[in-house]
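Hi there,

Here is the structure I promised to pass on. My notes follow below it; have a look whenever you get a moment.

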Amino acid sequence: MSFEGFTRYMDSSECLLFNNKYESVYQDMTHPLSDYFISSSHNTYLISDQLVGPSDLWGYVSALVKGCRCLEIDCWDGSQNEPVVYHGYTFTSKLLFKTVIRAIHKYAFTTSDYPVVLSLENHCSPSQQEVMADNLQSTFGDALLSDTLDDFPDKLPSPEALKFKILVRNKKIGTLRETRERRGSDKHGQVEECEEEEEAEQEEEENEAKGPEPSDAFQDDLEKEAESKGAVGIPLFKKKLKIATALSDLVIYTKIEKFRSFHHSRLYQQFNESNSIGESQARKLSKLRANEFILHTTKFITRIYPKATRADSSNFNPQEFWNVGCQMVALNFQTPGLPMDLQNGKFLDNGGSGYILKPHFLRDSKTKFNPNKALMDSNPVILMIRLISGIQLPPSYHSSSNKADTLVIIEILGVPNDQMKQQSRVIKKNAFSPRWNETFTFIIQVPELALIRFVVENQGLIAGNEFLGQYTLPVLCMNKGYRRVPLFSKTEPQIENMQSTI
């Protein structure tokens, strides 16, 4: 092989770090929906901040093209009996509900054949809820799931059984049996009312002083007390919800049910009920009650969403919630950075289908797995990486000569014991062909949950390092041998390449 031929070979898709056997759907897709991580977005209609930025159909189109399978739609009463989509009580612009779902219909299955969940944050009056139901049925037709797949279901269906289906996630009145009995009947003007306890909104600072962790017995008492009085120190008030029967009956396997406690869910929650939990509460639960959290997510779909104070559309680290099996970890897709790098990297797996089968220890209803504790029976993976060189790395925008002082950071993100990063030496004034020839070793206890992230930076002595490019992928999707690592910019288009050997 000539030198030119070798160069072309190394530049080919055959030599990418990401193993091409994972570029198509290879996992068993016949498990219940709750057994999968599901690519999910938050306030999908927003393409900027949460307060004054525009709402745009591009939010839905771009998310679907990236393989997102759970979209959020905030619905409010609009003029001329037309529901609108926007971030309520803010200055964000408005979209017509019907134009949103038409865009979703057009792009829903361009990237993935597996079901799309429309998570409705519904603030509409019953009359406009009926309009929403009519819009959904007329737009999606037979693709809209409006009945159970089985006569007497007792578990969630699989992604395979729901291929090319649209699921509505919303409040629901009554049982699935009652919904089936109403099939074909005239539901115009029919409204159901339910009472729901709501917490007075209290966003807590992430850096507040934390007290000692309560014992299991004490925490159980707190949970039981919370069922009747609400979380300690947080007042509850009751409000009545009016839900149009026509919209309620479109909710089948993804009924929204308020999360009260793990104890309450074990006793009363039904298989088709899913919870939404804010990041602050979810973070506390993942630290204090990790194993119970996992047992909860083995049965019920759980959606985690950003706290209200993230007005700039910033994101939390999704890894801590994947570690406890949360299926729908919803991020602001419009905001680049580490969280979205992890999101995009994780869902490269399984053909970019937006559904990834959770590891067996996050699906077992008797699991004792706790990501916060050392594992006694783990089979750690030893990962050795030899970083050779870079090719045509991006130039520095902070240097008058555009010559970057390049370095590479290799980071493992997974369970807390696996979190680590190592850094190469700095190659001065060379972004065209820097050579490192350095070897790094990582011991990974839970490789099934681990992601590896390569970051290339320009060393900055005063203003900090300048980001040049990154690439993130699941550890278990890596190819062995001499491999090429493609780099992505902050806003994701692929840029020049970096070579490394593993």
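In what follows, a contact means heavy atoms within 4.5 Å. Among contacts in the protein chain between residues at least 6 apart in sequence, 74% join residues at least 24 apart. Please keep in mind that this is a predicted model, where local features need pLDDT of at least 70, side-chain atom pairs count only at pLDDT 80 or more, and totals for chains, interfaces and linings use all residues. Residues are numbered from 1 along each chain as its sequence is written, and side-chain values use heavy atoms, with hydrogens and water left out.

First, the overall picture. The protein chain has 12 helices and 22 strands; these are DSSP runs numbered from the N terminus (helices H or I, at least four residues; strands E, at least two). Of its 502 residues, 53% are buried, where buried means under 20% relative accessible area, exposed over 50%, and partly exposed in between (1.4 Å probe, protein chains only). The accessible surface of the chain is about 23200 Å², with 51% of that belonging to carbon and sulfur atoms; areas come from the Shrake-Rupley method with a 1.4 Å probe, and for residues only the protein chains shown count as cover.

In H2 (residues 57-65), the buried residues include Gly59, Tyr60 and Val61, and their cover includes strand E3 (70-76) and helix H3 (97-107). Aspartate 56 caps the N-terminal end of H2, with a side-chain oxygen 2.8 Å from the backbone nitrogen of tryptophan 58. Just after H2, glycine 67 has a positive phi of about 90°. Helix H4 (residues 126-140) has 15 residues and should span 21 Å at 1.5 Å a residue, which agrees with the 21 Å between its end C-alpha atoms; the expected span is 1.5 Å times one less than the number of residues.

Now the charged pairs. The structure holds 20 salt bridges, each a side-chain nitrogen of Lys or Arg within 4 Å of a carboxyl oxygen of Asp or Glu. Aspartate 341 and arginine 453 form one of them (2.7 Å, N to O). Aspartate 341 lies in helix H12 (residues 338-346) and arginine 453 in strand E19, so this pair ties together parts 112 residues apart in sequence. Aspartate 341 is buried at 7% relative accessibility, and arginine 453 is buried at 10%. Residues that arginine 453 touches, beyond four places away in sequence, include Leu338, Ile409 and Phe467.

Lysine 187 and aspartate 249 meet in another salt bridge (3.0 Å, N to O). That pair links distant parts of the chain, 62 residues apart. Asp147, Asp151, Arg180 and Arg183 are linked in a network of salt bridges.

What about disulfides: how many does a search of the whole structure find? The search finds 0, taking a disulfide as a pair of cysteine sulfur atoms within 2.5 Å. For cysteine 68, the nearest cysteine sulfur is that of cysteine 70, 6.6 Å away. Cysteine 68 is buried, at 0% relative accessibility.

Best wishes

Key: A polar contact is a pair of N or O atoms within 3.5 Å; within protein, one must be able to donate a hydrogen and the other to accept it, and residues adjacent in sequence count only if both atoms are side-chain atoms.
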